[in-house]
Amino acid sequence: SGSSRPSLGLHCAALVRQTLTDMRGLLGFSVGGWNQSYLYDTLPDAREGVEDLEPGDLIFVSGVYFDPRRRARPHDLTHVEVFLPLAPFPRATVGSRHRHGCVQLHDDFAFESRTYHSMRFHFRSIRAWLEGECRSHCPEHRWLNG
């Protein structure tokens, strides 16, 4: 499920990083150039479910790659999308799915991947970023500051 709206070519984590880069003057920090695992580690405020999210919060997807040659990422995170509920789609997101690298509006955050299985969704508030904080809160992974 996507839309017929024009697309922008960025992969999932690059969309979030570009948005943060464009807003660095307002937010007060520069984001590092790492993937969705890094972004996840900078957001300590987990939410129980999609009903607890605010527009702009992030939905991360963990999974196991079908291709055993693909390297697992920290927390097994494979994807991220921005929660953007729009009537009549209360579970809508914006993001870049599959391998096309095209940013699109999606009617629902839940989807079936052709690249990974055993998918789980992880919901994170962007409150820390809105308060000007972007640092890893994960003791397991060391990331350099922005």
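Author: Rings of Phe, Tyr and Trp (its six-membered ring) pair if their centres lie within 6.5 Å; planes under 30 degrees apart are stacked, over 60 edge-to-face, and the rest tilted. One thing before we look: this is a predicted model, where local features need pLDDT of at least 70, side-chain atom pairs count only at 80 or more, and totals for chains, interfaces and linings use all residues. Residues are numbered from 1 along each chain as its sequence is written, and side-chain values use heavy atoms, leaving out hydrogens and water.

Reader: Okay, how many aromatic pairs does a search of the whole structure find?

Author: It turns up 5. Take Y65 and Y116: their centres are 6.0 Å apart with 85° between the planes, which makes them edge-to-face.

Reader: Is Y65 buried or exposed?

Author: Go by relative accessible area with a 1.4 Å probe, protein chains only: under 20% is buried, over 50% exposed, in between partly exposed. Y65 comes out at 12%, so call it buried. Y116 is buried too, at 7%.

Reader: What about F109 and F123, how do their rings meet?

Author: Their planes stand at 90° and their centres are 5.6 Å apart, so that pair is edge-to-face. F109 is in the loop between β6 (102–106) and β7, while F123 is in strand β7, and the two are 14 residues apart. F109 has 6% relative accessibility, so it counts as buried, and F123 is buried at 9%.

Reader: Now pockets! Which residues lie nearest the centre of the largest pocket?

Author: A pocket is an open set of points on a 1 Å grid where a 1.4 Å probe fits, with protein on both sides within 12 Å along at least five of seven lines; lining residues have an atom within 4 Å of a point. The largest pocket has 20 of them, and C12, R70, T78, H79 and H98 lie nearest its centre. Helix or strand, the elements giving two or more lining residues are α1 (12–22) and β4 (77–83).

Reader: And what lines the second largest pocket?

Author: Its lining includes L15, V16, T19, L20, W129 and L130. Both α1 and α4 (127–130) supply at least two lining residues there, with α1 giving the largest share, 4 residues.
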